[in-house]
Amino acid sequence: MTVTIYVPGDSGALALGAEKVAKAIEAEALSRGIDARIVRNGSRGLYWLEPMVEVATDAGRVAYGPVSAKDVPTLFDAGLVSGGQHKLSLGDPEKIPFLAKQTRLTFARCGITDPVSLEDYEVHGGLTGLRNAVKMIPADIVKQVTDSGLRGRGGAGFPTGIKWKTVLDTAAEQKYIVCNADEGDSATFADRMIMEGDPFVLIEGMAIAGLATGATKGFVYIRSEYPHAIAVMNKAVQVARSAGILGKSVLGSSQGFDLEIRSGAGAYVCGEETSLLNSLEGKRGVVRAKPPLPAIQGLFGKPTVINNVISLASVPIIMDKGAEYYRDFGMGRSRGTIPIQIAGNVKHGGLFEVAFGLTLGEIVDEIGGGTATGRPVKAVQVGGPLGAYFPRTLFDTPFDYEEFAKRDGLIGHAGITVFDDSADMLRMARFAMEFCAIESCGKCTPCRIGSTRGVETLDKVAGGIEPEKNLALVTDLCNTMKFGSLCALGGFTPYPVMSALTHFPEDFRPVPVAQAAE
Ligand SMILES: Cc1cc2nc3c(=O)[nH]c(=O)nc-3n(C[C@H](O)[C@H](O)[C@H](O)COP(=O)(O)O)c2cc1C
Ligand code: SF4
């Protein structure tokens, strides 16, 4: 009898030794004469338990973790192949509270299937959405996506259906679907996890976007730091092409759609949609002025849908189960689920997909389990390097686009970085300005010059040079950047700076000489 053992091939698990674990399991099974089939699945997103090994038993899957290569012999001694008890036993993975509390719509298959097996994908519900879309007229597909309430998961939260409708309504011989997989925000890894763990869901979402808008060609722009995601996506595109999902005819329909995978240029600003389009065209990643909108004049001047990975990967379930099913999750104008990525100084770091509406406190304290250091949580930065720092007093904020905006924050790509009470918020504010100075594309003055002046001015505050005057100057500078920058890099850098200053004013005092020298 063949036993199936799952060892994640996900980058996060690989970084924690999954490759060695897979090799050790293979060798151990061979030496014991056990017929083992090792599947390199994606991660379920419980990173403190990676590498998390699972074995398929008659009673369902049984998990162990975190497993290291040296644990492998004792795992076999304990009867791993039939789910035997071991000190690393986690039982049924679906019952681990971190997983059991989730609502997995977009990530339904991630960590469960073999990422590049189309058969596995279909057995677990894949392609139903695309099959439904093939039978519909474009306007009805667009309507279903609009009615679902899906908003862009890349950062701005723009309604996906409205963007698609603009492209559908713009006549052109050639239209494009561009997937933004640059994923530059700190604490974010949802795009990578889906591309490595369930690449067909993204391909399916992009094919549906093509049918909905009349676009016949798509590109996935993946950050160059994601070599594994690039490899898995390339393999999955080949499989999808051979199966007639991509190519001259999508699943036998009259419309074709094909995809190319491109490696990013390695700059944070290349995640900004117009800069990304320039980079895809082979130019420097400099931001374009809008209008024209990419939906009207995008890639190579043609109407282009540009969406984040998670936005596109959420479409198949909408086309499968219907707009109402998806819209029923969430709160206010934030509909559906959101894959929250919990990182930084946190006990249980990982991906938690849930309907909008949990409070920040529930996410950090209950789901994340507080800090890894065991010290009190001081602040959390939500939404990547351009997101605000929230203190404990704002932990009652529900995870919702509008609720965060009301409190001068943003959800962004839903990455959360946790800091304990040793964090120095003046240093974090300086870091935000420095990050902007390094990553600025240089097109507009408030961002290009303002960020450098911001670093200098915060250094003066830290050095005790006219702190009050210089803090007033920082505030003034932030206003200029916020209202005068061309894109959100310069425009949103004031969020981390001003939130640090507003919520932690006690940190904005001269840094003691010994500390400054560190
Ligand atoms: C500096 C900067 C970096 C960005 N980086 C990303 C990114 O890495 N991934 C992403 O999807 N969106 C990123 N965005 C947002 C995109 O410009 C755009 O809003 C998004 O790709 C649209 O897709 P969506 O509607 O599906 O969210 C960035 C924006 C800015 C200003
Ligand atoms: S805000 Fe910064 S990154 Fe954006 S266009 Fe201006 S200089 Fe470029």
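How many cavities of 30 Å³ or more does the count come to? The count comes to one. The structure shown is a predicted model.

**Close-up 1. The largest cavity and its lining.** The largest cavity holds about 70 Å³ of space. Its lining is made up of 13 residues. Nearest the centre of the cavity lie Val287, Cys441, Cys444, Cys447 and Cys487. Sorted by class, the lining comprises eight nonpolar residues, four polar residues and one charged residue.

**Close-up 2. Ligand 2 and its shell.** Ligand 2 is located in the largest cavity. Around ligand 2 there are 13 residues. Those closest to the ligand are Cys441, Lys443, Cys444, Cys447 and Cys487. The shell around ligand 2 contains eight nonpolar, four polar and one charged residues. Cys441, Cys444, Cys447 and Cys487 are named both among the residues closest to ligand 2 and among those nearest the centre of the largest cavity.

**Close-up 3. Ser311 in helix 13.** Helix 13 spans residues 309–313 and includes Ser311. Ser311 has a relative accessible area of 1%, and is therefore buried, the cut-off for buried being under 20%.

**Close-up 4. Contacts of Ser311.** Leaving aside residues up to four places away in sequence, Ser311 touches Leu150, Arg151, Gly152, Arg153, Gly154 and Thr160. Ser311 itself belongs to helix 13.

Key: Residues are numbered from 1 along each chain as its sequence is written. Chains are lettered from A and ligands numbered from 1 in the order in which they are written. This is a predicted model: local features need pLDDT of at least 70, side-chain atom pairs count only at pLDDT 80 or more; totals for chains, interfaces and linings use all residues. Side-chain values use heavy atoms; hydrogens and water are left out. A residue is near a molecule or strand if one of its heavy atoms lies within 4 Å of it. On a 1 Å grid over the protein atoms alone, a cavity is a set of points where a 1.4 Å probe fits but cannot get out, and a pocket is an open set with protein on both sides within 12 Å along at least five of seven lines; lining residues have an atom within 4 Å of a point. A molecule sits in a cavity or pocket if more than half of its atoms lie within 2 Å of its grid points. Ala, Val, Leu, Ile, Met, Phe, Trp, Tyr, Cys and Pro count as nonpolar, Asp, Glu, Lys and Arg as charged, and the others, Gly among them, as polar. Grid points are joined across faces, edges and corners, and a volume is the space filled by probe spheres set on the points. Helices (H or I, at least four residues) and strands (E, at least two) are DSSP runs, numbered from the N terminus. Buried means under 20% relative accessible area, exposed over 50%, partly exposed in between (1.4 Å probe, protein chains only). Contact means heavy atoms within 4.5 Å.
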